[in-house]
Amino acid sequence: MSGAMQDWKSQKKPFAAVATAPIFWLGLFFIAPMTIVWLYSFGQNAGPADIDISGTLDNYKRATEWLYLSIFLKSLAVAALTTLICLIVGFPVAMAITFAAPKWRPWLLLGVMLPFWTNLLIRTYALMALMGTNGFMNKGLGGLWDGASWLWVLLGMQPLEAWTPVQLLYNNFAVVLGLVYVHLPFMVLPLYSALDRLDKSLIEASLDLGAGHFKTFMKIVVPLAAPGIFAGVMITLVPALGAYLTPDLMGGTDSQMIANVIERQFKRANDWPFGAALSFLLIYAMFILIALQSMRSNKVKEAR
Amino acid sequence: MTETNQPIIQIRNVSKRFGKVTAVDNISLDIRAGEFFVLLGPSGCGKTTLLRMIAGFEMPTEGQIIIDGQDMSLVPPNKRPVNMVFQSYAVFPHMNVTDNVGYGLRISGISKAETRDRVAEALELVKLGGFEDRMPDQMSGGQRQRVALARSLVMRPKVLLLDEPLSALDAKLRAQMQFELADLQDKVGITFVTVTHDQDEALSMASRVAVINKGEVAQLAPPSDLYEYPANRFVADFVGSVNIFEGTLTLDEPDKAAVDCPGLGKIYLNHGVTGPHGANVWIALRPEKIYLHVAGKGKAVRAAAQDAPDGHNLARGTIKGMSYLGDVTLYDIQLEGGQIIRVSRPNLSRHDQEDFTWDDKVSMHWRADSPVVLLS
């Protein structure tokens, strides 16, 4: 870190040559539009396409009303649940890849990354096709049900009543499942990179000193994979909190998340200042999360 | 030494195959309680696999490992009365020295007070007093190794396994640790089983050495026997440096033997070798057991004649290479038959009277008890 800083200070010209283009890019396409939206959040509608930036805080006041705050908290809960499930499912996956034979590892990693090569919208519709009332999941369950019914008859009992498809889509369950499906690779990859760096003889040393597999996992693997766990949690939690497409397509009327509310302000409600205020509340929340993480990693560095 | 003859580890016909590769091929050997046992061999010979099978990290494909009278076939590593010092030391990077050393005791539910005492005792033993609160990344390789040692010793295992314990240390520190390990072993009386590819390490520390080649035991003997009485060409060549010449056994009686080596000359030995007459054999001759003389003065002839018939144990050649190593000088000498023989000569005085150099003609002789006859 300090070495890179020194280089930057002593080598200003090469640094400028390399950094100008990205800084320009970021300024033009990220900072400038964000600033405009940020300014909108202090404005009010002055006409169908006119916004008067008057410095009012009304938008923020409205955004923190319980109606919106509750949706925000619910989004946070959904994102947190998604992250937790991703962690619980992703850790064994990452462990399995780490301990797989070297010749299998690239293929397993490819399997994790493959979904990235497909458009999110297509993946979501594919999942919906799977989960619909006429989807493969329901057909599979129906098949099992018919089988059970047949067995029932075979045993001399009355056949079961006909299979009624389960409503898998358009509820909170579908939203969490969809979000887990989309975000799992984000969790697996940082976990894998942390576990891959872990010296396997540390695990053997722990076993050798009398610890069982569970104790070794809790006392050696988890603490040493902590940077990967935190990175995975952040990289999953932040986009899940701002998820828009999944709750929009797979959620029901009661499962809208904060991003859906924001979208409505910009489109149907045509209330850009209020949408901007909601957006920035979300961004502030994410800033806090990221600040917490960087504070933690600084603390770890100091402890070393 | 608290060495007794009771085997603490019995390895019975153990084989280990990884797919088509046989790493360990039907090895049987006993390790006695209290000894410093070394498994020596080139990399990939199966010695580490054997050690890992004793520790329980690998399961034998065939055969049985018995530790302290108990069959270990179904015993996982965390339940075995052995502890291991890993090649990479495997010191837990997120724990300080005290927590590292106390790890095993805490796991096994030893009281805090006893843990504290035993950790302090172990740190004292490996001379790490005062390092209690250090983190591993604030320590040198040698210090980390001491942490790993203390962490294993504190468990009071029946056997301590060491995987290439000195390979990551620099030469000076390695020599020092060789002595310290031997000293430590003497002090704690625990059986040490060490794996190494470094013959110096094996010779200086071990009470007995098993030389492993291609998954099999090539020879099992105390270090001096290994060096002076190698059982075959592999051991002779692997342990120390050696000149090997092919020949025919022409005389074999209880008190004398002779071998005719086309490349070297006639060899006379003052002891029998119990090989079939006329058999194809190999002569192993250590570089330091060959005496060098200025050619044409008859000194070599007279010296050789002291314990061998005329014309035996003599050779002539030309110095084709030399390397000065401080304590000794190595000479590569081309024999009259064209083969190269290596001779080492101690630099007994600071200015050598007979200053041998490149292209000098030299005579050589050796004593009748120096050559070793190898049948395989």
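In strand β13(B), Y268(B) is the bridge partner of A258(B). The strands β12 (residues 256-261) and β13 of chain B run antiparallel and are joined by 5 bridges. This is a predicted model, in which local features need pLDDT of at least 70, side-chain atom pairs count only at pLDDT 80 or more, and totals for chains, interfaces and linings use all residues. Residues are numbered from 1 along each chain as its sequence is written, while chains are lettered from A and ligands numbered from 1 in the order in which they are written.

**Sheets of chain B**

- Strands are DSSP runs of E with at least two residues, helices are runs of H or I with at least four, and both are numbered from the N terminus.
- Two strands pair if DSSP finds at least two bridges between them.
- One open sheet has 5 strands in the order β13-β12-β11-β14-β20 (chain B), with antiparallel pairing.
- Its edge strands, β13 (265-269) and β20 (372-374) of chain B, each pair on one side only.
- From one strand to the next, the twist averages 40°. Axes are lines fitted to C-alpha atoms, for helices over the stretch in contact, and angles between N-to-C directions run from 0 to 180 degrees.
- Within it, β16 (residues 314-324) and β19 (residues 361-366) of chain B pair in the antiparallel sense over 5 bridges.
- R316(B) stands opposite S363(B) of β19(B).

**Domains of chain B**

- Chain B is divided into domain 1 (7-237) and domain 2 (242-374). The bounds come from an automatic or database domain assignment.
- The centres of the two domains of chain B, taken over C-alpha atoms, are separated by 39 Å.
- In contact across the domains are 6 residues of domain 1 and 6 residues of domain 2 of chain B. Contact means that C-beta atoms, placed from the backbone, lie within 7 Å.
- The domain 1 side comprises 3 nonpolar, 1 polar and 2 charged residues. Ala, Val, Leu, Ile, Met, Phe, Trp, Tyr, Cys and Pro count as nonpolar, Asp, Glu, Lys and Arg as charged, and the others, Gly among them, as polar.

**Contact between chains A and B**

- Chain B gives 20 residues to the contact and chain A gives 16 residues.
- On the chain B side, β6 (82-85) and α2 (97-107) of chain B each give two or more residues.
- The largest share of that side, 3 residues, comes from α2(B).
- The chain B side divides into 12 nonpolar, 6 polar and 2 charged residues.

**Buried positions and core**

- I31(B) lies in strand β2 (residues 21-32) of chain B.
- I31(B) counts as buried because it has 22 C-beta neighbours inside 10 Å. The cut-offs within 10 Å are 20 or more other C-beta atoms for buried, 12 or fewer for exposed, and in between for partly exposed, with C-beta atoms placed from the backbone.
- Although 177 residues apart along the chain, I31(B) and R208(B) have C-alpha atoms separated by 8.9 Å.
- Beyond four places in sequence, the contacts of I31(B) include P7(B), F37(B) and V193(B).
- The largest nonpolar core has 159 residues, and L191(A), I54(B), L161(B) and V211(B) have the most contacts inside it. Such a core is a set of buried Ala, Val, Leu, Ile, Met, Phe, Trp, Tyr and Cys residues joined through C-beta atoms within 7 Å.
- Helix α8 (residues 172-197) of chain A supplies the largest share of this core, 15 residues.
- Domain 1 (7-237) and domain 2 (242-374) of chain B both give residues to this core, so the core lies between them.

Technical notes:
Contact = placed C-beta atoms within 7 Å.
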